[in-house]
Amino acid sequence: MKCVICGKFYWNPICKKCLQEIKITPSTRIIEGIAVYSFYRYSDISILISSKYSVFGSRILKILAKKASKYFFDSQKENINLWKEIELWGVGIDDCVRSYYSHTGVILKEFCQYGIKPSYGKLYAKNIVRYAGKPLEYRQKNPRGFIYKDKKIKHTFILDDIITTGTTIKEAKNIIQKTGSSVIFAITLCDAKH
């Protein structure tokens with residue numbers, strides 16, 4: 001196998017040297033009262049993120065998510081015990097299988113550590129709308145129509161691969177809260193505005 005960045009032969013799709021060169025550039029946005037933590041600039045990893053539409057992309061997303069989750073948990077050590085105590089669950093946005101796997105499911109697995117549990121396949125869109133490259137007005141006129149099927153969970157964080165305008169995060173947060181669950185924070189791998 002070759003590293004997708006430098007082309008050198010390596011066991012993983014991204015070699016150790018190239019992975020070190022992909023910098024964590026954390027950013028936080030507040031969307032409707034919750035913090036949305038992001039770890040990469042979209043411009044730095046756009047080619048890697050776009051691999052999510054292929055089977056091979058699952059391996060790349062796992063590598064990026066593993067690096068981001070290590071950074072996140074190292075920076076949130078004071079909150080880990082609280083999250084265990086309140087039984088925090090992670091929910092991937094539109095966590096359903098497309099292109100042979102769920103890209104948010106792959107990312108979610110890496111962020112569900114230290115007693116945080118994953119809730120797979122519970123938040124999905126009725127409307128398959130692609131927002132890539134679309135303006136805010138288009139996103140607002142074409143909601144995803146999320147369905148949330150896990151009413152037993154009381155405390156969640158929501159997860160997606162990219163945040164652009166925040167409309168998807170808002171819609172997911174609102175549908176989850178209608179079931180009585182609180183959304184503590186959100187995580188995205190990258191921020192398109194950062």
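Me: Which element gives the most to the lining of the second largest pocket?
Reply: This is a predicted model, in which local features need pLDDT of at least 70 and side-chain atom pairs count only at pLDDT 80 or more, while totals for chains, interfaces and linings use all residues. Residues are numbered from 1 along each chain as its sequence is written, and side-chain values use heavy atoms, with hydrogens and water left out. A pocket is an open set of points on a 1 Å grid over the protein atoms alone, where a 1.4 Å probe fits and protein lies on both sides within 12 Å along at least five of seven lines, and its lining residues have an atom within 4 Å of a point. In the second largest pocket, the element that gives the most, with six residues, is H3.

Me: Which elements give two or more residues to the lining of the second largest pocket?
Reply: The lining includes Lys-16 and Leu-19, and also Ile-63, Lys-66, Lys-67, Lys-70, Tyr-71 and Asp-74. With helices taken as DSSP runs (H or I, at least four residues) numbered from the N terminus, the elements that give two or more residues are helix H1 (16-21) and helix H3 (57-75).

Me: How many residues of this lining are charged?
Reply: Asp, Glu, Lys and Arg count as charged, whereas Ala, Val, Leu, Ile, Met, Phe, Trp, Tyr, Cys and Pro count as nonpolar and the others, Gly among them, as polar. In the lining of the second largest pocket, six residues are nonpolar and one is polar, and the number that are charged is five.

Me: Which residue forms a salt bridge with Lys-70?
Reply: A salt bridge joins a side-chain nitrogen of Lys or Arg to a carboxyl oxygen of Asp or Glu within 4 Å. With the closest N and O atoms 2.9 Å apart, the partner of Lys-70 is Asp-74.

Me: Is Lys-17, which meets Glu-21 in a salt bridge, buried or exposed?
Reply: The N to O distance in this salt bridge is 3.4 Å, and Lys-17 and Glu-21 are four residues apart in helix H1, so about one helical turn separates them. Glu-21 has a relative accessible area of 49% and is partly exposed, as this class lies between buried (under 20%) and exposed (over 50%), for a 1.4 Å probe and protein chains only. Lys-17, at 53% relative accessibility, therefore counts as exposed.
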